[in-house]
Amino acid sequence: APVNYDVVVVGTGGAGLAAAIQAHDDGARVVIIEKMPTIGGNTIKASVGMNAAETRYQKLKGIEDSKELFYEETLKGGKFKNNPVLLREFVEQAPEAIEWLAAKEIELCDITITGGMSIDRTHRPEDRSAVGGFLISGLVKNVNQRNIEVLLETSVAEILVENGAVTGVKVVDEYNDSRIINAKSVIVATGGFSANREMVVKYRPELDGFVTTNHKGATGSGIAMLQHIGADTVDMGEIQIHPTVEQTTSYLISEAMRGGGAILVSQAGKRFYNEMETRDKVSAEIIALPEKSAWIVFDEQVRANNKAADEYIAKGFVISAPTPHELAVKLNMDQEALQTTLGRYNEFVAKQDDEDFGRKTALRHPLNKGPYFAIRIAPGVHHTMGGVTINTDTAVLDAQKAVIPGAWGAGEVVGGIHGANRIGGNAVADIIIFGIKAGHNAAKLALGH
Ligand code: ADP
């Protein structure tokens, strides 16, 4: 027999959980549906943080930033392909989203930086740990406090529509039994398609053979379901490869390492590019090296300031040595070349001027305190910027830009916000900002307010 709710949320990443919490708090009866056996989607793997400008936490630290600059740098990073209306909304709502989290005891009060921005605006947990696990555990706590129902190992197979408006979903559980759930609002927060190799290669044949950093549920099923009910898509070929992925495990090495002062060095022992450029550009430079891979090199000071570094050491990714000389030997690298590279970089740090590659940010401190560390990295498929089209209410749009009543989209399933290249720290901002909005508007429609 069919079951009735006001709002069905599809997906337990950051977008889905934020949407569910907001819809519940607005008075809706909410159910969350997740196809995997665990909660958290790809969000749980998010590493660096959440971007926002003009926040309380920036002010506390004396960081002067502006929404306008955040907008301009995101647009530039996205090669001016971003949907300007969605991007404006994103930038405007970001500080409130930070406060929405803080009010739920999910405080992102430490601040760092990623590639393509000029000011520290990437908010992360106080202990500088990865943002994903912290965010998901905080959101799950809030979901549980509210007794919001979560169905795991249950896939939404179809979004049901009558007379042009959404009426519910058809779900299939782990025993392959299907049933109907009725709801006036369905929030699709199913994430991207980086783990769907066929779909990635369809849009970008040259990405065949690349590893992916994503969890295996990132298959793009939400995009297909929404297309089936008439949704339009945008930027489907815009697929981000992240420059620093450990290749034997497909594990992402956080941009926080470079943001904390690490450099990239080729097998020849040389820096080859501005490490703080956007992900697309850094990836392209690594692929252009003869080995198609490089080393992230850092010292004890960088390690001590980045919790993730110890995780990489524990996972066995890191080669370490007491001196640069001994590190070079272990990396099978020209010793003199690495010494020279470090010496030269340290001079640039001292004068805060990277004469070789114009790195302008995160010239944090000289790399001169042993032990020294290196991780071998190469690019991997990381984020799909394209997806379904929405308006600023998160209502899903058809090819005529008309709303499909009752269909809402938030998070990586949506296209347009990031243009041709997403800035590190903007995905977490995206899922929270638009997740809240989707929850609010979905509840409003379902409750007839
Ligand atoms: P976002 O970052 O946009 O919140 P995530 O990738 O973190 O997205 O989370 C999306 C979640 O949606 C994942 O946990 C994924 O397993 C789940 N999901 C994807 N497709 C379906 C589906 N058809 N039915 C139920 N859950 C789905």
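This briefing covers the overall build of the protein and then its aromatic pairs.

The model is predicted, so local features need pLDDT of at least 70 and side-chain atom pairs count only at pLDDT 80 or more, while totals for chains, interfaces and linings use all residues. Residues are numbered from 1 along each chain as its sequence is written, and side-chain values use heavy atoms, with hydrogens and water left out. The protein contains 14 helices and 21 strands; these are DSSP runs numbered from the N terminus, with helices being H or I of at least four residues and strands E of at least two.

**Overall build**

- The radius of gyration is 22 Å, which agrees with the value near 22 Å for a compact globule of 449 residues; it is taken over C-alpha atoms, and the globule rule is 2.2 Å times the number of residues to the power 0.38.
- The C-alpha trace spans about 70 × 45 × 40 Å along its principal axes.
- Among contacts with a separation of 6 or more, 73% join residues 24 or more positions apart (contact means heavy atoms within 4.5 Å).

**Surface and charge**

- Of the 449 residues, 60% count as buried (buried is under 20% relative accessible area, exposed over 50% and partly exposed in between, with a 1.4 Å probe and protein chains only).
- Carbon and sulfur atoms hold 50% of an accessible surface of about 17,400 Å² (Shrake-Rupley method, 1.4 Å probe; for residues, only the protein chains shown count as cover).
- There are 45 positive and 56 negative side chains, and the centres of the two sets lie 1 Å apart. Lys and Arg count as positive and Asp and Glu as negative, without His and the chain ends; each charge is placed at NZ of Lys, CZ of Arg, CG of Asp or CD of Glu.

**Aromatic pairs**

- The whole structure holds six aromatic pairs (rings of Phe, Tyr and Trp, the last by its six-membered ring, with centres within 6.5 Å; planes under 30 degrees apart are stacked, over 60 edge-to-face and the rest tilted).
- One of them is the tilted pair of F70 and F90, at 5.6 Å centre to centre and 45° between the planes. The pair links helix α3 (residues 67-77), which holds F70, to helix α4 (residues 84-103), which holds F90, 20 residues apart. F70 and F90 are both buried.
- Y251 and F317 also form a tilted pair, because their ring centres are 5.6 Å apart and their planes at 55°. Y251 is in strand β14 (residues 251-252) and F317 in the loop between α11 (307-314) and β17 (318-321), so the pair ties together parts 66 residues apart in sequence.
- Y251 is partly exposed at 28% relative accessibility, whereas F317 is buried at 10%.
- Y251 and F317 belong to one aromatic cluster with Y312.
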